[in-house]
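Please find below a note on the model under review.

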Amino acid sequence: MMKNTGCLIFVLFLCVSSVFGQGEEKEKKAIEETVRLYFDGMVERDRNKLDQAFDPSARLIGYRGDQFTVTPYEDWASGTASGTQKRDPKDFDNRLLEIEIKGYTAVVRTELFWPGVYYYDFLTLVKIDGDWKIVHKTWYEEKR
């Protein structure tokens, strides 16, 4: 009897672990899609993709040279989408390096290798109404 109970507990543990593991993988995929919209929206200057990735209240914080900046999402997205110069996606190498999820929050670390500059982004995402949205971006830029 004890042997069967131990086996049953082990099987239940495996089932529960599998369900939670699948749930986390599903959330990671959803977060990856949000970050992909962010990457593509910047390269393509596509405001719709940026709006899908970011919450309207998001802030972007970092340095432009020696100047510390805090930029509301609307200002950043308008400027990013307004460029007229066509960009070749082959000139950009945007990478999602790491995702950490705790409940309805996540932190994502990225590297963006653009012509002449490397960006290192730290994104905070929150699950809002079932969708992962970037609510904060802190970046560091390195001229190349």
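1. Basis of the note. This is a predicted model, in which local features need pLDDT of at least 70 and side-chain atom pairs count only at pLDDT 80 or more, while totals for chains, interfaces and linings use all residues. Residues are numbered from 1 along each chain as its sequence is written, and side-chain values use heavy atoms, with hydrogens and water left out.

2. Confidence. The average pLDDT (the predictor's confidence in each residue, from 0 to 100) is 87 for the protein, and 85% of the residues score at least 70. Contact here means heavy atoms within 4.5 Å.

3. Overall fold. The protein contains 3 helices and 6 strands, where helices (H or I, at least four residues) and strands (E, at least two) are DSSP runs numbered from the N terminus. Their order along the sequence is α-α-β-β-α-β-β-β-β. Of the contacts with a separation of 6 or more, 47% link residues 24 or more positions apart.

4. Surface and burial. Of the 144 residues, 32% are buried; the class means under 20% relative accessible area, with exposed over 50% and partly exposed in between (1.4 Å probe, protein chains only). The protein exposes about 9300 Å², of which carbon and sulfur atoms supply 56%. Areas come from the Shrake-Rupley method with a 1.4 Å probe, and for residues only the protein chains shown count as cover.

5. Nonpolar core. The largest nonpolar core has 29 residues, and Ile31, Tyr38, Phe54 and Trp76 touch the most other members. Such a core is a set of buried Ala, Val, Leu, Ile, Met, Phe, Trp, Tyr and Cys residues joined through side-chain atoms within 4.5 Å. Elements supplying at least two residues each include helix H1 (2–44), helix H2 (47–53), strand S1 (54–64) and helix H3 (73–82). H1 gives the largest share, 7 residues. Leaving aside neighbours within four places in sequence, Ile31 is in contact with Ile99, Ile101, Ala106, Val108, Leu125 and Trp132.

6. Pairings and hairpins. S1 and S2 are antiparallel over 6 bridges, and Arg59 has Pro72 in S2 as its bridge partner. Their hairpin has 2 residues between the strands, and Gly65 takes a positive phi near 65 degrees. S4 and S5 run antiparallel with 10 bridges; in their hairpin, Gly116 has a positive phi near 85 degrees. S5 and S6 are joined by 12 bridges, again antiparallel, and Asp129 in that hairpin has a positive phi near 50 degrees. Tyr120 is the bridge partner in S5 of Glu111, and Tyr140 in S6 is the bridge partner of Tyr120.

7. Helix H3. Thr80 lies in H3 and is buried, with a relative accessible area of 13%. Beyond neighbours within four places in sequence, Thr80 is in contact with Met42, Arg45 and Leu50. Glu74, also found in H3, is partly exposed, with a relative accessible area of 40%. The C-alpha atoms of Glu74 and Pro56 are separated by 6.8 Å, although these residues are 18 apart along the chain.

8. Phe113. This residue of strand S4 is buried, with a relative accessible area of 15%. Not counting residues up to four places away in sequence, Phe113 touches Asp91, Phe92, Asp93, Asn94, Arg95, Tyr118 and Tyr120. Phe113 and Phe92 are 21 residues apart along the chain, with their C-alpha atoms separated by 5.8 Å.

Technical notes
Pairing = 2+ DSSP bridges.
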